[in-house]
Every structure is written in structure tokens, then in C-alpha cells.
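Try each task before you read its solution.

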Amino acid sequence: MTKRYKTVAIIVMIVMIFVSAYSGVLAAQKLDSLAFGSLIEYASLDELSEDVGMVNILLIGVDEGGVRSDTIILASIDGYSDRVSLLSVPRDTRIEVNGSVQKINAVMAIAEANSTPSPSPIAEENSEPAQEPDDEATTPSTLSTTSGYEEVLIEEIKQITGLPIHYFITVDFDGFIDLVDALDGIDFNVPYDMDYDDPAQNLSIHLTAGQQHLDGKHAHDFVRFRHNNDGSAPGEYVMGDEGRMYWQQEFIKELIRQKLNPTYLSRIDDVYEVFQNNVRTNLTFTELVRNLNAIMKINIDDITAYQLPGESQYISPLWYYIYDPAETEKMIEDVFTPQSREEWEAYLEEQRTAVTASPSPTDDTEDE
């Protein structure tokens with residue numbers, strides 16, 4: 001088990017949607033029969049078992065093209081212990097697709113390219129030797145109109161982890177911006193001055209350090225910031241993506257503190273519209289209602305985050321993330337393997353027995 005709050009690759013828009021689902025169930029009586037976004041079913045998704053108290057949701061963050069998965073997180077919810085564990089899969093994870101070496105973030109794009117006569121959208125990325133560009137130029141969003149190519153990614157994650165996947169949620173940058181606006185923005189203490197421009201992406205980040213109210217656009221700018229125009233990286237950002245992910249996590253925690261309250265029930269119509277326009281999923285509000293009690297018992301502070309074990313390697317002409325199968329299997333066994341109710345209750349009994357058998361600190365004090 002790794003230390004709580006270990007910095008991992010959690011891009012904010014995916015967790016935002018996950019958090020919004022958590023808060024959205026508070027108004028689920030109104031939306032009980034509605035779909036949680038554009039509803040898509042895949043044969044590779046697993047059915048829930050009544051004997052297993054764990055639900056696995058694959059969270060996918062895509063660029064504006066709708067097919068390159070810049071963020072991949074497996075969220076595992078244990079209904080018996082009320083714990084939530086997040087497994088981040090680096091976008092550069094090296095895999096094989098039909099005998100060809102690829103990065104895992106390209107598999108959806110490959111599926112799209114193989115289904116249409118248009119050139120593959122991953123060709124440009126795989127021709128560059130750099131580890132990762134700041135942010136790639138993208139095309140207008142097609143998330144709400146594309147039929148979806150998540151199934152190939154679902155199958156890859158199942159193969160890597162050996163875990164079942166019951167649900168998936170896919171969202172893009174537009175969904176993040178619209179969602180923050182639908183929730184009236186966020187009050188946040190921006191840690192540093194931020195000045196960055198990329199005309200190729202129409203990206204312009206200009207934020208001043210200090211406490212302020214961020215709307216969707218400025219929140220989007222904050223979570224995408226890496227360094228300034230002159231190449232300087234203030235504070236934690238000197239660590240590159242690790243520093244950026246740290247501040248994304250801090251942003252998420254503050255968002256949860258401010259938005260998980262009944263005040264925002266009046267915004268449920270706006271939030272639902274964001275879901276419909278920017279989310280693909282097989283999850284419905286009916287299913288959220290069915291699991292309302294378990295969801296509401298989740299303690300946000302007890303969410304633990306992990307990264308797929310491995311290391312970055314330069315394999316000419318590209319950088320890849322080479323995951324470690326043995327360490328991955330151990331992590332899955334320790335943290336993510338579903339447990340039956342009997343197994344979980346037996347574990348709790350072992351913990352209670354261990355506590356009872358331990359010497360009493362009160363008795364030690366009295367002896368002294």
C-alpha cells in the first residue's frame with residue numbers, strides 16, 4: 001500500500017465528473033429515469049455481482065478531438081468498507097495493439113482510424129521523439145456525436161489489471177469548463193502568478209497569485225498550467241507533471257468542500273445538461289439512486305490514489321511508460337481485488353482481535 005495522497009496522474013476534469021455524480025445523486029429523485037450523459041453499452045463491460053462489494057469505474061479524460069485519452073483512472077468503490085481507491089494509468093503506457101507497439105492513450109484513436117478512411121490522428125504524436133509536448137493542438141469537440149471507441153481501452157485496462165470494469169465515464173475539456181460554470185465557479189487561492197500563451201491551441205493563461213473566484217475558463221487555465229512563457233516553473237511546478245498534478249488534487253479537494261452541499265440542488269438542471277453534452281457512459285441515474293446509501297457514506301478524505309507501477313524509458317524515437325506486471329499484480333491483490341461480504345467481515349474481525357490483544361496504553365501509564 002502506498003502513502004495516502006500520493007501524487008498520481010489524476011487530470012481534474014475526470015474527477016470533476018466523478019465528484020459531480022456523487023453530489024448529483026442528492027437530487028436523483030428528479031433524474032431517476034434519465035441517462036447520465038450519452039448512453040453507450042459495450043460487451044466488454046462486466047455485470048455487477050451481488051456477492052462482490054466493489055464497483056469499478058473507468059474514468060477517461062479525452063482531448064477536444066474526443067478519441068485521444070489523456071487521462072485514464074480506474075476508480076474502485078468498496079461498498080463494505082466505504083473506501084475508494086484510484087489507480088492512474090499513465091497515458092504513455094507501452095502496449096501492443098495488433099502486433100504494433102503503441103501508447104495506451106492512442107488505442108481509441110486507432111479504433112476510430114480503423115473504422116474510417118481518414119488518416120490516423122495519432123500519426124503526428126508517434127513521429128515526435130520528445131517525451132510529451134506541453135499540450136497538443138486539438139480539433140473541435142466531437143464527444144457528444146461520436147459513437148464511442150472506449151471498448152478497446154476498456155479491454156486493455158482489464159488485461160493490465162485483471163480486474164472487472166462495470167462502468168465507464170468519458171468527458172472532455174469542454175465538459176470541465178461547463179461544469180465549473182454550472183456550479184457557480186470556485187473560490188480558490190492561486191499559489192503563483194501564471195503567464196503562458198500557446199496560439200496554436202488558442203490557449204492563454206494569465207492568472208495572478210492570491211485568493212479569487214475562478215469561473216470555468218480560468219479554472220481550466222489553472223489546471224492546465226505547466227510553466228510560464230519564459231520557461232520558469234514556480235514552486236511545485238518545477239517537478240513537471242508531478243507538480244501540476246499536486247495542484248490539480250488541491251483544486252479537487254477545495255471544489256468538493258465548496259460544492260457538496262444542498263445549496264447546489266437548484267443547479268441540477270444545469271449540471272444534467274453538461275452531462276448530456278459532454279459525457280459518454282453506461283451509467284444511469286437509476287443506478288446511482290440504487291447505490292445512494294453506499295455513495296453517501298464515502299469519506300472524501302479517505303480516498304487513496306495509486307499509480308500503475310513502472311518507470312519511464314526512452315525507446316527510440318519515443319518515451320514510453322513501461323509498467324511492471326509483477327508489481328501491478330501485487331498492488332491489485334493488496335488494494336483492488338474485490339472481496340465478498342464474508343471475506344470483508346473476516347478481515348474486520350481479525351483487526352478487532354488484534355486491537356483487543358494489544359497491551360492497553362492506559363495500563364502502561366498507571367504502571368509508570
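**Exercise 1. Describe the hairpin formed by β5 and β6.**

Step 1. Strand β5 covers residues 94-97 and strand β6 covers residues 100-103, where strands are DSSP runs of E with at least two residues and helices are runs of H or I with at least four, numbered from the N terminus. This is a predicted model, so local features need pLDDT of at least 70 and side-chain atom pairs 80 or more, while totals for chains, interfaces and linings use all residues. Residues are numbered from 1 along each chain as its sequence is written, and side-chain values use heavy atoms, leaving out hydrogens and water.

Step 2. Two residues lie between the strands, and N98 in the turn has a positive phi of about 55°.

Step 3. The strands pair in the antiparallel sense over four bridges (pairing requires at least two DSSP bridges). I95 stands opposite Q102 in β6.

Step 4. Now look at the faces of β5: I95 and V97 are on the covered one, R94 and E96 on the uncovered one. In a regular strand, side chains alternate between the two faces of the sheet.

**Exercise 2. How are α3 and α4 oriented to each other, and which residues make the contact?**

Step 1. The axes of α3 (residues 107-115) and α4 (residues 150-161) come within 8 Å and cross at roughly 140°. Axes are lines fitted to C-alpha atoms, for helices over the stretch in contact, with angles from 0 to 180 degrees between N-to-C directions.

Step 2. α3 and α4 are therefore oblique to each other (under 35 degrees is roughly parallel, over 145 roughly antiparallel, 65 to 115 roughly perpendicular, and the rest oblique).

Step 3. V107, M108 and A111 of α3 meet E150, V152, L153 and E156 of α4, contact meaning heavy atoms within 4.5 Å.

**Exercise 3. What is the orientation of α5 and α8?**

Step 1. The axes of α5 (residues 173-182) and α8 (residues 268-278) come within 9 Å and cross at roughly 175°. That makes α5 roughly antiparallel to α8.

Step 2. On the α5 side, the contact has D174, G175, D178, L179 and A182; on the α8 side, D270, V271, V274 and N278.

**Exercise 4. Is H166 buried or exposed?**

Step 1. Find H166 in the loop between α4 and β7.

Step 2. H166 has 6% relative accessibility, so it counts as buried (under 20% is buried, over 50% exposed, in between partly exposed, with a 1.4 Å probe and protein chains only).

Step 3. Residues that H166 touches include L45, D46, M54 and N282.

How values were computed:
Lists of a residue's contacts leave out its neighbours within four places in sequence.
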